[in-house]
Amino acid sequence: MNKTPWRLNPTEYRKLQRKIRNTDGCWEWQGPTTPNGYGKARKRSGAREQMTHRIMWEHHNDQEVPDKLQLDHLCRNRRCCNPEHLEPVTGSENTKRQDHRERRKTHCPKGHEYTQENTRVSKQGKRNCRTCDRERKRDISVTSAAGVEPSGIEPESNSGPQADFTTV
Ligand SMILES: [Zn+2]
Ligand SMILES: [Zn+2]
């Protein structure tokens with residue numbers, strides 16, 4: 001009986017590693033995935049299928065994922081099995097984090113809604129907010145046209161008492 005079933009021997013490890021590509025620090029699984037998009041594999045022939053990020057985490061941490069804990073992908077990349085991108089958390093913590101992310105998905109970091117018109121998808125599949133794009137462009141054109149840094153403080157002091165005084 002194997003007392004440390006989570007530990008891979010060098011051959012098993014290499015076999016899995018051959019299907020992993022390092023992309024920006026993520027160890028992206030290139031093999032089959034579960035319907036949810038997680039990598040899946042068998043550690044050895046005859047073993048049951050497991051999620052690859054779980055296999056790698058257990059091997060590198062030399063322990064099984066503790067009961068009642070789930071591995072949360074800090075990098076949001078479900079195919080990633082880099083143990084450093086995985087954090088064991090409770091199921092409720094994981095759900096809480098997911099809710100937070102879902103909510104964020106409907107709006108850009110500045111709070112503009114990601115409607116179809118307001119969303120530009122980059123080559124990497126990332127969403128960009130068109131309103132923010134426009135605001136960035138406007139800032140740039142103001143800077144180059146006036147030759148000064150745009151500032152939110154200047155116009156306000158002009159409309160104050162001091163401005164009245166100089167126009168008289
Ligand atoms: Zn990752
Ligand atoms: Zn925005």
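Predicted model: local features only at pLDDT ≥ 70, side-chain atom pairs only at ≥ 80, totals over all residues.

**Entry 1: Leu-71 and its contacts**

I started with Leu-71. Leaving aside neighbours within four places in sequence, I find Leu-71 in contact with His-53, Arg-54, Trp-57, Val-65, Leu-86 and Pro-88. Contact here means that the C-beta atoms of two residues, placed from the backbone, lie within 7 Å.

Residues are numbered from 1 along each chain as its sequence is written, and chains are lettered from A and ligands numbered from 1 in the order in which they are written.

**Entry 2: the core**

Which residues make up the largest nonpolar core? I get 12 of them: Leu-16, Ile-20, Trp-27, Trp-29, Ala-41, Ile-55, Met-56, Trp-57, Leu-71, Cys-80, Cys-81 and Leu-86. The elements that give two or more residues to this core are β2 (26-29) and α2 (52-61), and α2 gives the most, with three.

Buried means 20 or more other C-beta atoms within 10 Å of the residue's own, exposed means 12 or fewer, and partly exposed is in between, with C-beta atoms placed from the backbone. Helices (H or I, at least four residues) and strands (E, at least two) are DSSP runs, numbered from the N terminus.

I listed the buried residues of α2: Thr-52, His-53, Ile-55, Met-56, Trp-57 and Glu-58. What covers them includes α1 (10-17), β2, β3 (40-42), β4 (49-51), β5 (69-73) and β6 (86-90).

Asp-62 sits in the loop between α2 and β5. Is Asp-62 buried or exposed? Exposed, because it has 9 other C-beta atoms within 10 Å.

**Entry 4**

Strand β1 (residues 20-23) pairs with β2 in the antiparallel sense over four bridges; to count as a pair, two strands need at least two bridges in DSSP. Ile-20 stands opposite Trp-29 in β2, and both residues are on the core list.

I then checked the faces of β2.

Asp-24 counts as exposed because it has 9 other C-beta atoms within 10 Å.

**Entry 3: two residues before and after**

Arg-7 is in the segment before α1. Where does Arg-7 make its contacts, leaving aside neighbours within four places in sequence? With His-59 and Asp-62. Arg-7 and His-59 are 52 residues apart in sequence, yet 4.8 Å apart in space, C-alpha to C-alpha. Arg-7 is partly exposed, because it has 15 C-beta neighbours inside 10 Å.

Then I looked at His-107, in the loop between α3 (91-105) and β7 (119-121). Beyond its neighbours within four places in sequence, His-107 is in contact with His-112, Glu-113 and Tyr-114. His-107 has 13 C-beta neighbours inside 10 Å, so it counts as partly exposed. I also looked up Cys-129, 22 residues away along the chain, and its C-alpha is 8.5 Å from that of His-107.

**Entry 4: whole chain and confidence**

I count six helices and eight strands, running α-β-β-β-β-α-β-β-α-β-β-α-α-α from the N terminus. Of the 168 residues, 14% count as buried. Among contacts between residues at least 6 apart in sequence, 33% join residues at least 24 apart.

How confident is the predictor? pLDDT is its confidence in each residue, from 0 to 100. The chain averages 83, and 81% of the residues score at least 70. Among the elements, α2 has the highest mean pLDDT (97), and helix α6 (residues 161-167) has the lowest (45). Over residues 152-168 the pLDDT is below 50, and beyond near neighbours in sequence I find two contacts for this stretch in the model.

Technical notes: Core = buried A, V, L, I, M, F, W, Y, C linked by C-beta atoms within 7 Å. pLDDT = per-residue confidence, 0-100.
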